[in-house]
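Keep the model in view as you read.

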Amino acid sequence: MKVLITEYLRINLDTEQWECRRCGHVHGSARDNYKRGLLVYDRDPREIHKPLLDTRLYERTYSPDPAWCRILEYYCASCGTMVEAEYLPPGHPPLYDIELDIDALKLQWKDRKEVVEPTVGPDLALEKVKNNRALHADHAHGHKH
Amino acid sequence: MNDQISKEDKALLDKFLADNQLFLGPDPEIMRNHSLTPRSRAEDEILKKGLDNHQVHHVRGLINAALSEAFTMVNQMGAAPGAKWGDLVTGIYTAQGDLAMIAPHGIIAFAACCFYPIRFIVKYWSNDPTVGVKDGDGFIHNDARYGGIHNTDQSMMMPLFYKGELVCWLSSTIHEGENGATEPGGMPAAAESKYDEGIKMSPFKVVENFQLKRDLVTFLQNSVRDPKLQLEDMKVKLHAVMRLRERIIAILDQYGRDALIGTLRLHLEDTETEMRRRIREMPDGTTRVLQFMDSSLRENCLQKISCAITVKGDRLIMDFRGTAPQFLNRSVNTNIASFKAALCTGLLQNIWPDLPHTMAVLSPIEIITDRNSIVDAEGEMPQAMSLMPLFKGCVVWTIPMNKFNYSVPHKYSAVIASQYDQAATFIYGGLTQHGDVTGNFCGDINGNGQGARSHADGEHSVSPVFGFMCDSGEHEINEEDTPIIRLGAQRLAKDRIAWGKYRGGMGYEQIATARGSALWGFMTGCEGSKFPSAQGLFGGYSCPSYQLMKIKGINIFEELKKDPKVVEVFDIVKLMNERPIKGGKYSSNDMGMTFEVCNEGEIYMICQGSGGGYGDVLERDPALVMKDLREDLMSHENARDIYKVVYDEKTLVVDEDATKKLRDDYRRERIRRGKPFEQFCKEWVTPEPPKDIPYFGSWDNNREIYATTMGQRVKMPAEQLQGAFMLNPKDVRIMQLEGELEKVKAQLDDCRKKA
Ligand SMILES: [Zn+2]
């Protein structure tokens, strides 16, 4: 039984291992931080969010300040998929972001059917906005008469 | 001394203390409790007797319709710009002051805060012979210390008596804008203490026999820059609440008090039960997220919000310990009750939008904070720009909850990265072209880009982070009422995108100037100029950073008269790089700007921002990359460098094989340059925050908090947080310049000696 945890990670309940959802690579114990099985690269944010203004004219150019902010890119060691992009101040310890109770997870999935591809939920927030837009359009229309 | 006192003595002592309390300030017993009150006797009796489910459903529908009608009244008649865009709410509360339902279109957070002042009124004014709560009374309130989002929102609260019994409370709240603060518009970033925040209404009676008390109204009008607005909207809110009252009385006449009281209580309890059921579906464990705010709106400083969400069975605990301490003299603090209202909003906006909009969704959630942190600020601190941490509270759920909910077989709503979470709008003030004093903000605040979804790109400029309203205001109306002129259309901010397999919904450019005013000015209150604000999900990138651009010392209207073609197109990047208007002072600045005078024809430019991206950029369908190019959302450089697509720039035809090869090569390049985590951490992690960054919050241990106070870095135990005192940025600048002057003088002396 495998449980999907993110777009790129799943937990194999039988082996209690983190696995890559793209290539099946085993990252390490599901009772531990999955990041320990990944490769990390310290990215200068100016390479991703490139300066749009002339850097000779301006200090602030829509790029993050590399002295304040770095991007830690986490890659699957086997297929090179980017699993996380973590924005941190230089030197800040990476976050232990997913720490699940594996025994509880096993119990929870005892009677559940395995999910291979996640279902897509309805985008209710967007629907509400669209409903409001329709409502507002009606009001605006009403004013004219 | 004997510390055992009798019951009678204790009661006597309590009464003595209550009678002699010098000041009825915000009551921690009320302000720190966000859970439902236990059932009242009436509620318990009614629910034990049992209700007809079918009737409950019907009564709920009728209440909803009544709330919706009152909402529409305020929306159409309200004078505040915020009222026109839907920045308002109408709500109904139990007799004890628990928020039961709000109008379907309203701002959740507003109603979530009225129940604190109502509880205050119930506790303190009901039995006070000098105040009392009677049929026909109405109470006003705006100070967020007694509940509320921020002091620019004003509420009208009315008890509803039926056959002599108080059966429920009704309210209406509008984001009014102007409130007599040190800066116009109601959200003064310049406030250095709570006394700079303008009128500070604790809940008090302003309506008797359903009529506004003119003496008190005059006092309030006398305290703000826009007395007309103050009066008009007090009337509008009162009449909306009175209409709501008529509708509820009709329901009472038809179905009886048990049906109403029972429905309100049941609605709350059902919501709480459903919350617990959903929490149980999530895996047990802890997920975490960090948010970094890079500005106090007066200076750049890095403040951390640390959030760990723990699920255990049907318990959900949000732990904010390790977060930055509060500022003593900066207004970007929030009290805990306002922060919880933001959390409630965020949960309903981002995670479970299908749940009823009541405070009961937050009721089963436990919240842990460090006292005196920036999200649990207390005392004399200002909190007029509490929007900064509050907006973070709205989106704080998205990343950690998706890490829980992705595994849950049934999805109640889509998996979405963080929405752009800054109030990217112009706040303004001054004299209008009609000679009236005014101060308020533009509707662009409602145009935050949506986060990317697990199945699609985010929608552009979709809504604010605090509600589902959509309208970003009509500039024509704005131009009739104020001297603000919009230069050019609202162009989507090209290349300012959160990249990913799916990209974030984008924001648009706002280019403004003023014309025909004797005195006009703008302010802006956003973070994210150094450290991006909207976070990506599952390998998606965050939004870029955004800046405030200015062209000062020119008059664009004169320039256009001289040469109508002086500006080819009002596009921020082009204007700043090509500098077509000669003699202008072009500058790129932090997005936090306190009130500044805008002379006729000077130009101010900001952007609404992009929501976070979703997934690995290398998985983005090349067809979507071409679509972004066709829609001119992005330049070729980014299509190649970020998305690694090989295509013909003229025809936009993709070379699929070459793209696959380029992407495969790039994956190998990643593997080559990436370091194993342990090794990386050894090289990366530093024992303390960088010395040259004013850093606030924990670093590696959330029980130790860093701050910079009076210009000095300090470290303190999280249990004993002290607010940080910031130096005046002008003094800091003077010190820098004096230092430079000293250096130059010394050099000059040396030269002289040598000569
Ligand atoms: Zn892999």
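Between domain 1 and domain 2 of chain B, about 3700 Å² is buried. Carbon and sulfur atoms give 59% of that area. Buried area here is the accessible area (1.4 Å probe) that two parts lose on being put together, summed over both. B:Trp85, B:Met275 and B:Arg276 supply 25% of what domain 1 of chain B buries against domain 2 of chain B, more than any other three residues.

This is a predicted model: local features need pLDDT of at least 70, side-chain atom pairs count only at pLDDT 80 or more, and totals for chains, interfaces and linings use all residues. Residues are numbered from 1 along each chain as its sequence is written, chains are lettered from A in the order in which they are written, and side-chain values use heavy atoms, without hydrogens and water.

Where do the two domains run? Domain 1 of chain B covers 40-181 + 194-276, and domain 2 covers 278-627; the bounds come from an automatic or database domain assignment. Their C-alpha centres lie 28 Å apart. The contact (heavy atoms within 4.5 Å) takes 38 residues from domain 1 of chain B and 50 residues from domain 2 of chain B.

Now the charges. The two domains of chain B share 3 salt bridges, each a side-chain nitrogen of Lys or Arg within 4 Å of a carboxyl oxygen of Asp or Glu. B:Asp436 forms a salt bridge with B:Lys228, with the closest N and O atoms 3.7 Å apart.
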